[in-house]
Amino acid sequence: MDAIVQELARYAAALARALDNTTHANDRTTYRDHLAASARWLGMIHDGASLSELRESVATEQRRFGWGYLSGEPGKLASEAFEHFVTFLESQSS
């Protein structure tokens, strides 16, 4: 799970940068929601959640991510970071 925590930290850092750099006030709440989800996953890992439980929670967030649109370059970078995290998580074996 250490590698997952590292990738999760990279994703959260990308979200924090996007939040700091966005010029679209409407996106700020969405970034905060995504940051809250990443904190929830970290807590799940800390509490000993299985890889399948983590994947299930990430899949729920993936659906939420697809429902919204984050504007500009910060949004693009946040979306790419999330997709990278999802791809990494899917590549992990149980």
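A: Let's start with a term: a nonpolar core is a set of buried Ala, Val, Leu, Ile, Met, Phe, Trp, Tyr and Cys residues joined through side-chain atoms within 4.5 Å. Buried means under 20% relative accessible area, exposed over 50% and partly exposed in between, with a 1.4 Å probe and protein chains only. This is a predicted model, where local features need pLDDT of at least 70, side-chain atom pairs count only at pLDDT 80 or more, and totals for chains, interfaces and linings use all residues. Residues are numbered from 1 along each chain as its sequence is written, and side-chain values use heavy atoms, leaving out hydrogens and water.

Q: Which residues of the largest nonpolar core touch the most other members?

A: In soluble globular proteins, nonpolar side chains tend to be buried together. Here the largest core has 25 residues, and Ile4, Tyr11, Trp41, Val58 and Phe85 touch the most other members. At least two core residues come from each of α1 (2–21), α2 (25–46), α3 (51–67) and α4 (72–91); helices are DSSP runs of H or I, at least four residues, numbered from the N terminus.

Q: What is Val58 in contact with, leaving aside neighbours within four places in sequence?

A: Contact means heavy atoms within 4.5 Å. For Val58 the partners are Trp41, Phe82, Phe85, Val86 and Leu89.

Q: Where do the buried residues of α4 fall, seen down its axis?

A: An α-helix has 3.6 residues a turn, so residues three or four places apart point the same way. In α4 the buried residues include Ala78, Phe82, Phe85 and Leu89. They fall within an arc of 165°, so they line one face of the helix; the arc is that of the directions from the helix axis to the C-beta atoms. On the other side, Thr87, Glu90 and Ser91 are exposed.
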